[in-house]
Amino acid sequence: MCPDSSSQIETVLQEERVFKPSPSAIAKSNIKGIEQYQQMVEAAKSDPENFWGEAALKELHWFKPFQSVLDWSNPPFAKWFEGGKTNVAYNCLDRHVKQGLGNKVAIIWEGEPGEVRRITYQELFEEVCRVSNALKEIGIRKGDLVALYMPMVPEAAMAMLACARIGAPHSVVFGGFSSEALRDRLNDGEAKAVITADGGFRKDKIVSLKNAVDAALVDGSCPSVKSVLVVRRTCADVSFFPGRDYWWHEIVPIQSIECPPEHMDSEDRLFVLYTSGSTGKPKGVVHTTSGYNLWAHLTFKWIFDVQKDDVYWCTADVGWITGHSYIVYGPLSNGTTTVMYEGVPRPSNPGAFWDVIQKHKINIFYTAPTAIRAFMKSGRSIPDKYDLTSLRLLGTVGEPINPEAWMWYREVIGANNCPIVDTWWQTETGGVMISPLPGAVATKPGSATLPLPGIEADVVNADGDPVGANQGGYLIVKRPWPGMMRTVHGNSQRFRESYWEYLKPINGNLVYFAGDGARRDDDGYFWIMGRVDDVINVSGHRLGTMEIESALVSHDSVAEAAVVGKPDDLKGESVVAFVSLESGKESSDELVAILKEHVSKEIGAIARPDDIRFTNALPKTRSGKIMRRLLRALASGEEVKGDTSTLEDRNVLDELRK
């Protein structure tokens with residue numbers, strides 16, 4: 001499937017602000033200055049196998065050294081570090097304990113009701129060994145897939161690491177998914193066991209989990225599942241099925257704290273993580289042991305410029321790839337203190353995030369642009385109540401960040417002292433692909449800046465030709481990298497077609513197409529313009545929705561915006577904007593006219609919205625991404641179809657329908 005070769009995204013939002021790393025930041029950083037970054041880029045480009053091979057030997061522990069770095073003889077199916085044997089749990093725990101870091105705090109956990117646990121590397125190591133032995137007791141063996149359906153509690157991280165320790169790939173299903181969505185994933189992966197909890201806390205309410213598992217398994221609906229391990233979190237009444245169900249607090253504490261790690265082949269599966277498509281069944285993204293471990297480890301170390309005593313917090317859930325790579329595996333592989341928080345900002349505690357930062361003296365904070373825009377809407381009076389001076393680095397993840405949200409984040413949360421790393425990546429890439437390195441790369445509000453060393457990214461048209469500066473096109477990666485997904489579980493053809501055959505080969509070589517549109521500015525910086533599915537074709541002009549949204553959000557009345565296309569007999573498509581206003585601002589015909597003119601001024605008349613609709617909230621996934629395809633259906637007066645299992649609040653959709 002190839003798009004029209006003449007396709008080009010034509011909008012360009014003007015952004016001229018540049019923030020260079022300060023001399024003091026460069027002096028303290030692991031990667032000191034743009035020259036060192038460029039040397040790393042050149043080393044990876046000129047001799048990639050030597051670059052990755054040296055990194056793997058230096059950064060990871062191996063029970064047996066690998067014999068080759070990369071086998072790319074059958075693209076797009078890569079094999080990294082073949083012949084090597086390692087274990088991700090060993091890299092995250094054992095080696096740190098053996099190096100004398102046993103008393104260092106590995107996880108700081110805070111529950112939504114307020115309880116706090118501090119778990120050292122020694123304690124985490126022992127508990128993971130106990131969980132590993134418990135899994136063996138209930139029949140789990142190397143190669144068996146174990147599903148996790150859990151709240152944000154330390155036991156979720158322990159369960160992931162225990163699976164890795166015994167060689168049982170895990171499949172984490174976000175705890176907000178329905179029982180039907182859970183059932184689909186259990187059956188597709190042929191899971192042998194489910195680890196869950198009686199429930200969890202979210203927005204001051206108990207979210208039932210065990211009951212959803214029971215519903216997914218009812219009447220033998222998931223015949224592969226033989227065991228269910230249940231954490232007691234809320235003490236809610238739940239059903240219990242002897243012979244299938246086991247209480248964590250009964251079976252885990254009695255286990256031995258000795259559990260030798262399995263010596264895993266580099267290409268053994270580490271996990272399967274499902275991504276939801278707009279139609280069809282979700283794709284099971286497969287990541288394997290050593291390549292993923294190396295990429296999560298390196299990207300965390302490079303991007304967050306991690307220092308010995310840093311306290312780091314990523315606000316994602318372990319049910320998403322961000323939680324895998326940047327709550328559990330990346331931080332723990334680097335011996336960092338990582339924070340897990342069960343709650344979210346809510347009416348009863350709108351300053352929840354800032355309270356956590358103040359209480360635990362967080363140094364590095366990584367959150368989603370949608371959260372930042374929500375904070376903007378509430379105003380700075382809430383964060384101003386808290387001491388945020390411990391922060392030295394801020395990050396964003398999930399979707400492109402609007403320049404004005406970026407500036408608010410920098411000024412209000414970072415007090416103009418914290419570099420911002422705006423990261424672009426996907427479930428499929430395993431870790432971040434494009435991001436500034438805080439001690440090396442100057443930042444621009446709204447730009448993900450430059451690819452990481454070893455990532456050869458480009459923006460091309462459908463014929464594979466690079467487009468000019470400030471011209472939009474398709475964001476591709478030309479060469480394999482260690483953290484890349486290996487396949488779609490049970491469907492290698494879907495893997496080829498979805499990611500490697502959408503665009504024509506370049507010089508006979510397959511290229512990875514991310515599904516995103518992008519442009520590069522005169523400095524070579526990447527600006528992510530959103531999914532190509534979100535591009536609007538107006539009178540032959542292809543407009544990037546992200547930049548129209550950024551133009552709207554740059555107006556002081558607008559807190560958040562989502563832009564979609566609507567079929568138009570004359571122009572092909574018209575531009576429809578759904579706009580959420582800042583607190584205290586009111587919708588009016590006059591404001592509609594002002595916003596339309598504002599977009600025309602920021603981008604050009606071709607991007608002027610034909611229709612602006614005001615709404616109190618936008619439909620989002622539980623990971624914070626706006627579900628634009630739902631808005632496209634609503635704008636066109638069509639029935640909403642496809643997978644809506646990731647929608648966080650269905651009431652938003654009902655209100656928009658009205």
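Reader: What covers the buried residues of helix H7 in this model?

Author: The model is predicted. Buried here means under 20% relative accessible area. The cover over the buried residues of H7 includes strand S6 (146–149), strand S8 (193–197), helix H8 (210–217) and strand S14 (269–275).

Reader: Which residues of H7 are buried?

Author: Start with the general idea. An α-helix has 3.6 residues a turn, so residues three or four places apart point the same way. Now the case. H7 spans residues 179–189. Its buried residues are Ser 179, Ala 181, Leu 182, Arg 185, Leu 186, Asp 188 and Gly 189.

Reader: What follows H7?

Author: Glu 190 comes next, and its phi is positive, near 55 degrees.

Reader: Now the sheet. In what order do strands S28, S29 and S30 lie?

Author: The order is S28-S29-S30, in an open sheet of 3 strands with mixed pairing. Strand S28 (558–568) and strand S30 (611–614) each have a single partner strand, so they stand at the edges, with one side of each lacking a neighbour in the sheet. From one strand to the next, the twist averages 25 degrees.

Reader: How many bridges join S28 to S29?

Author: There are 10, and the two strands run antiparallel. S29 covers residues 572–581.

Key. Residues are numbered from 1 along each chain as its sequence is written. This is a predicted model: local features need pLDDT of at least 70, side-chain atom pairs count only at pLDDT 80 or more; totals for chains, interfaces and linings use all residues. Side-chain values use heavy atoms; hydrogens and water are left out. Buried means under 20% relative accessible area, exposed over 50%, partly exposed in between (1.4 Å probe, protein chains only). Helices (H or I, at least four residues) and strands (E, at least two) are DSSP runs, numbered from the N terminus. Contact means heavy atoms within 4.5 Å. Two strands pair if DSSP finds at least two bridges between them. Axes are lines fitted to C-alpha atoms, for helices over the stretch in contact, and angles run from 0 to 180 degrees between N-to-C directions.
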